[in-house]
Structures are given as structure tokens and as C-alpha cells.
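Biologist: Can you walk me through the aromatic contacts in this one? Here is what I have open.

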Amino acid sequence: MAYLDQLLGVIVRQGGSDLHIAEGEPPKMRMHGDIMPIRAKPVKREEAAQMMREVCGPHNWEIFEQRGDLDFAYEMDEASRFRSNYFKQSHGYGAAFRLIPTKISTLEELGIPVVVKEFAHIRGGLVLVTGPTGSGKTTTQAALVDYINQNFSKHVVTIEEPIEFVHDNKRSTITQREVPGDSSSFPAGLKAALRQDTDIVLVGEMRDLETISLALTAAETGLLVFGTLHTNNARKTIDRMVDVFPAERQSQARAMLANSLRGVVAQLLLKRSDRPGRIAVNEILIANAAVAAIIREGATQKLQDVIISGRAQGMQFMDDAIWALLEKGIVSPHEAFMKAIDKNRFKPFLSAEEEALANAAGAAPDDEKRVPGDFIKPFSARPRARAG
């Protein structure tokens, strides 16, 4: 048993999601969204080095010492697997360990809208699963891949850093490749997938121009591509996909995205008020002719209207989904207010004290503001490159 397993065991037993190690600080765990110390005694350099070196192995430790960062997966036992990240920080060594459930939940168990299953039936194109760090994107994608694995005979290639959920072959053949161990980078893995008789490719991170450009090309050539972005809603997702390109290529990028995008599933995790735990809430965009036209013209502020009017097709606006949870008493008014796009819609439900705190902190997100009677408008006045 590794020395670190004592602390990781606390996470497992108490239902935590993450362990944080930082030199000079007590070990801490995240439970239901909040971070709390596990013990009073801070971690010293020798203890941090012992814990971290033991579980990553000599080769990975050498890489970490050289680079200052390291990503890998650590299996404590058959029931407990962790996504691990090592980093150097101002006070010395640091590490974060995310508990990965060994059982892959179904989309129903996760509370993901049933329409998301329809994305598994698509022959080709791009489906984006988005949300901030720790919002459960990987868990949702794993559930979707498992649904494909049970219901279709496909070759699915995943490119991940690191591999989190391990898929056993059922009806499909699942090839899981880890960056940098199995493939040097996401773009390299994506290029290789085009030559591996692949039906579906899952790209764990789409964070640079080359990966996004290759994903769009793969989707246009007939592959079904599932990609991940750290964006909170459909509008931001499409803007991010285009903005990563230089101005002279943005018109072409919009055209490619309009042709290949099949949908966006944006996800947030909200703290429950009815019982301990958190609950996923989703915005769902299903691409249609109107969505394609909006992407081509760069008028993403119109997407909210399309999503709201597309309820019958299974579309869902994030604020409407949050509102439904508030009405059922599953989340508090304060939690709904903090995660919503249109703060004014939820403000009347705050207590005077909560409203004062929200005003002091600055209620609106830093890049969006709802204007009464209008669409969401970006604060930034930077013009977007337009076709022609």
C-alpha cells in the first residue's frame, strides 16, 4: 500500500471527489463542491515528494522534475482510479487527484436529457460536450460512448490525457489512446485516427487551433467526432471554435462549422439544496438549418432564440433548465442565480443579504450581460471577422 493511499482512502470512504496536496498546506478534499482540510498538519517537502514519487514511478517523476507538470492515471485498487495532475507552485510541490468512478453511469442515471442519445445515432459530424473544469463533461461523454458500445457495432477511438474511464469492448471496438504515452499529442492522435478505419473519435481536449481544425476536417470527411471545450453554453462554444482561427480564416472556419456541427451539450454542476450532492444541468443545441445560417453569418447572439423555440425538438436553454430545478426545490435561489446567464430573472428570489453579496461580488459573468428585451451581448467591442 502506497503512503498516499491513506489520504486517497479518505476521499473514497467519505464520498469526496478530489484530493489536493500542496507543500506547506494541510491535505484537502473537495466534497459536494466545497474544499476542506483532511488534517491540521501541513505537508512538508519530504512528505510531498514521498507521496508523489511513489505512485507515479521513477520515469514519470523525472519528467515532472524537468517539466514542472505531469498528467497520469493512478489505480489505487480495482474500485478506485484517480486522474492525477502534478505541478510545481510558488511554495513547492503540488498535486490534485480526481476520483474516477470505475462503473460508467448511464445517461439516465446522470440525469442527462434523453435527446442526447440521438447524437449517438448520427453517421458523421461534430458534437461538442462543454462545460467548466469539474462539471462532469468526461462522465457524460463516457456514458455516451458506453451507450454506443452497447447498441452499435462501431470502431470508437478515444484520445485522452489521461485515460479516465476504461471501456471494455461490448458490441463496439473501443481503442483508447493516452497523450503523451500512446500518442505524442491530440493532433497526432486525431491524424492517426483517420487511418484506423474509425467510425467515431472522441477528442478529450480541443484547446488549440491545430486540434480544432483537424476535428472540423474529420467531421466533414464523415467521422462522428465528439469534442470537449471549456465553455459554459452553446453560444460561447461556437464563438470559441471560430475565435481560435486567425481573422483571415474565420470565414472559412464558420463555413466548416456550419456544415459539420450536429449539436452542443453544455453542462454545469449545481449544488443541491434538497440533499447533499450536486446535480448536472444542461443546455442543448441541436443543429438545424437556422443554426447553420447563424454560424455562417457570425450572429451567435441569435442562438438563444433558436434554442428556446426549438424545445419541441429537444433543445434546452441553460437558464430554463436551472429554472426547472429551482421550481422543484432541488437548488437554492442563490445557486441558481450564481450559475444563470440572465441574472435578473433569478434576482427576485434572493434574500436581501444574498442580493447584497451578489452585488458586491459583481453579479454578471465577466464576458456576458443580459440586456432587458435584447439578446446576450458581449462586453468586448472587438469586431469579428465577417465573410466578404
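Modeller: Start with Phe72 and Tyr86, which are both buried (under 20% relative accessible area with a 1.4 Å probe, protein chains only; over 50% is exposed, and in between is partly exposed). This is a predicted model, where local features need pLDDT of at least 70, side-chain atom pairs count only at pLDDT 80 or more, and totals for chains, interfaces and linings use all residues. Residues are numbered from 1 along each chain as its sequence is written, and side-chain values use heavy atoms, with hydrogens and water left out.

Biologist: How many aromatic pairs does the structure hold?

Modeller: There are 10 aromatic pairs. Rings of Phe, Tyr and Trp (its six-membered ring) pair if their centres lie within 6.5 Å; planes under 30 degrees apart are stacked, over 60 edge-to-face, and the rest tilted.

Biologist: Why is the pair of Trp61 and Tyr93 edge-to-face?

Modeller: Their planes are at 75°, with ring centres 5.4 Å apart, so the pair counts as edge-to-face. Trp61 is in helix α2 (residues 45–67) and Tyr93 in strand β6 (residues 92–100), so the pair ties together parts 32 residues apart in sequence. Helices (H or I, at least four residues) and strands (E, at least two) are DSSP runs, numbered from the N terminus.

Biologist: Are Trp61 and Tyr93 buried or exposed?

Modeller: Both Trp61 and Tyr93 are buried.

Biologist: Which residues form the aromatic cluster?

Modeller: Trp61, Phe64, Phe72, Tyr86, Tyr93 and Phe97 form one cluster.

Biologist: Switching to charges, what sits over the ring of Phe64?

Modeller: The charged end of Lys88, 5.8 Å from the ring centre. That call needs NZ of Lys or CZ of Arg within 6 Å of the ring centre and within 35 degrees of the ring normal.
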